[in-house]
Amino acid sequence: MYFHDAETIERTELEKLQVERLKNTIGLAAKSPYYSEVFKQNDISADIIKTVDDIQKLPFTTKDDLRSQYPHGLLSRPVDDFVRLHASSGTTGTPTAVFYTQKDLDTWADLMARSMYAVGMRKSDVLQNMSGYGLFTGGLGIHYGSERLGCLTIPAGAGNTKRQIKLIRDFNVTALHIIPSFALYFAAKVREEGFDPADMPWKIALIGAEPHTDHTRRKIEEMLCIKAYNSYGLSEMNGPGVAFECTEQDGMHVWEDAYIAEIINPETGEHVKEGEIGELVMTTLTREGMPIIRYRTRDLTRFIPGQCKCGRTSRRIDRIMGRADDMLILKGVNIYPMQIEKIIMGIPEVGQNYVIELIKEGFIDQIRIKVEIKEEFFVEDMRVLQGLQKLISAKLRDEILVTPRVELVQHNSIPKTEGKAQRVVDLRGAEE
Ligand code: ADP
Ligand code: ZN
């Protein structure tokens with residue numbers, strides 16, 4: 001059974017466990033070339049940790065630190081002890097390599113199985129993993145978790161919608177793992193192929209790996225006739241299975257017996273007040289081969305105050321608002337792509353895809369948002385389309401405080417990649 005004791009543990013008990021595991025993690029990390037040096041320089045040993053809050057005495061680890069230690073600098077054991085390697089998708093630059101011992105793979109599979117249990121999956125479910133395999137952790141990570149839970153698991157991989165649909169129908173697939181931007185595209189394809197999503201055997205979708213709004217989730221749910229649950233993880237912390245929604249769909253439970261989560265002000269590095277938005281910082285507590293301490297994820301979120309109705313006592317984080325790196329500054333205003341998505345996806349005429357382009361108008365930076373319009377609305381006359389364009393532009397202005405250029409484009413005209421969607425394209429250097 002995967003409703004683990006650790007999920008309903010009392011806070012004081014949990015913190016005791018976290019302190020014990022954090023001390024152990026420091027001891028392990030000290031064996032790696034990178035941390036042994038960092039600990040020496042900062043006079044750090046496991047003894048300085050008495051309470052969970054003492055974690056603040058430890059230095060942060062950044063993506064650049066990991067890159068500078070590529071490939072082996074963070075390993076606490078000889079390379080020979082490892083059995084698996086993954087790498088981040090490289091969305092924001094050079095990828096980082098992550099190594100797993102057999103025990104690390106087991107721990108990860110357990111966390112994944114627990115996450116799937118939390119959204120209502122059981123042994124009798126059949127999961128089709130529609131994300132890319134290879135180095136991306138959403139492939140094998142989800143795969144082994146599903147097998148651990150005892151589910152029949154189909155490694156379909158990304159793309160090839162016709163084949164995906166055939167597998168789903170032939171093998172009675174009840175659960176999908178799919179990237180949100182692909183899910184919208186897939187939903188439209190299912191209809192194009194002549195199937196009614198309501199007649200498909202699926203019930204549950206695990207969606208994650210990229211930021212998306214609640215509107216997008218609801219749209220996926222409606223279009224596919226499915227329940228969609230937010231799944232959060234990152235390669236540096238194993239991969240998926242770090243934080244997951246439960247059936248309440250009210251924030252993602254962080255598996256706190258395996259990770260310590262902190263939320264900091266990205267400028268000062270200090271903890272924000274409870275409930276405030278900041279950068280998520282994560283520490284591994286159960287990884288033996290490549291422990292990582294206070295990793296700055298660059299992901300922006302907040303802790304959701306209070307306890308979840310499901311009975312799990314672990315803290316919940318809100319859906320990721322975006323990466324600190326994705327923030328756009330336009331006319332002195334900070335803008336996150338998810339603010340834009342929130343507005344766009346709330347408009348009924350809007351289809352599945354959009355892209356935010358950064359352009360130069362004369363010497364001034366401007367954003368141009370290309371929005372796909374549903375086929376049935378695109379045939380409307382010019383005046384109707386112009387009205388819609390104005391409406392979108394005005395709604396965006398109210399949210400982001402600057403008026404973007406809005407361009408309505410035809411259904412399926414924005415190129416769709418199989419992996420994570422690239423929502424922001426910088427064309428400022430390009431010829432217009
Ligand atoms: P990369 O950072 O190169 O994309 P990963 O494949 O390890 O590498 O992806 C981890 C990142 O993906 C996270 O740091 C986060 O930015 C994003 N991500 C993962 N899951 C979610 C989610 N449920 N919601 C929003 N963003 C997510
Ligand atoms: Zn819950």
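Okay, a definition to start with: a residue is called buried under 20% relative accessible area, exposed over 50%, and partly exposed in between, with a 1.4 Å probe and protein chains only. Keep that in mind for Cys310, which at 21% relative accessibility counts as partly exposed.

A word on where this comes from. This is a predicted model, where local features need pLDDT of at least 70 and side-chain atom pairs count only at pLDDT 80 or more, while totals for chains, interfaces and linings use all residues. Residues are numbered from 1 along each chain as its sequence is written, chains are lettered from A and ligands numbered from 1 in the order in which they are written, and side-chain values use heavy atoms, with hydrogens and water left out.

So, the whole protein. How many helices and strands are there in the protein? There are eleven helices and 21 strands; these are DSSP runs numbered from the N terminus, with helices being H or I of at least four residues and strands being E of at least two. The C-alpha trace spans about 70 × 55 × 40 Å along its principal axes. The radius of gyration, taken over C-alpha atoms, can be held against a globule rule of 2.2 Å times the number of residues to the power 0.38. For 432 residues a compact globule would come out near 22 Å, and the protein has 22 Å, so the two agree.

Of those 432 residues, 54% count as buried. The protein exposes about 19,000 Å², and carbon and sulfur atoms supply 50% of that; the areas come from the Shrake-Rupley method with a 1.4 Å probe, and for residues only the protein chains shown count as cover. Now contacts, meaning heavy atoms within 4.5 Å. Take the contacts between residues at least 6 apart in sequence: 66% of them join residues at least 24 apart.

On to the metal. Which residues are the protein donors of the zinc ion, ligand 2? They are Cys246 (SG), His253 (NE2), Cys308 (SG) and Cys310 (SG), lying 2.1 to 2.3 Å from the zinc. Donors here are N, O and S atoms within 2.8 Å of the metal (3.2 Å for Na, K and Ca), and water is not among the atoms, so sites may look incomplete. Along the chain, the zinc donors follow the spacing C-x6-H-x54-C-x1-C.

Why is the arrangement around the zinc ion called tetrahedral? Because the four donor atoms subtend angles of 103 to 115°, and four donors count as tetrahedral if all angles lie between 85 and 135 degrees. For reference, the ideal angle for four tetrahedral donors is 109.5 degrees.

Next, helix α1, residues 11-29. This helix has 19 residues and reaches 26 Å from its first C-alpha to its last, close to the 27 Å expected at 1.5 Å a residue; the expected span is 1.5 Å times one less than the number of residues. Its buried residues include Leu14, Leu17, Gln18, Leu22, Thr25 and Ile26. An α-helix has 3.6 residues a turn, so residues three or four places apart point the same way. Among the elements covering the buried residues of α1 are α2 (33-42), β10 (259-264) and β11 (278-284).

The loop between β10 and β11 holds Val272. Leaving aside neighbours within four places in sequence, Val272 is in contact with Ile263, Ile264, Asn265, Ile277 and Gly278.

Most residues other than glycine have a negative phi, and most peptide bonds are trans. Here, a cis peptide bond joins Tyr70 and Pro71, with omega about 0°, and Pro71 is in the loop between α3 (63-68) and β1 (84-87). Arg294 is not a glycine but has a positive phi of about 50°. Arg294 is in the loop between β11 and β12 (295-301). Buried or exposed, at 3% relative accessibility? Arg294 counts as buried.

Asn412 also has a positive phi, about 65°, although it is not a glycine. Asn412 is in the loop between β20 (405-410) and β21 (424-426), and at 36% relative accessibility it counts as partly exposed. Okay, that's me done!

Conventions. Four donors count as tetrahedral if all angles lie between 85 and 135 degrees; four count as square planar and six as octahedral if opposite donors are over 155 degrees apart and all others between 65 and 115; anything else is irregular.
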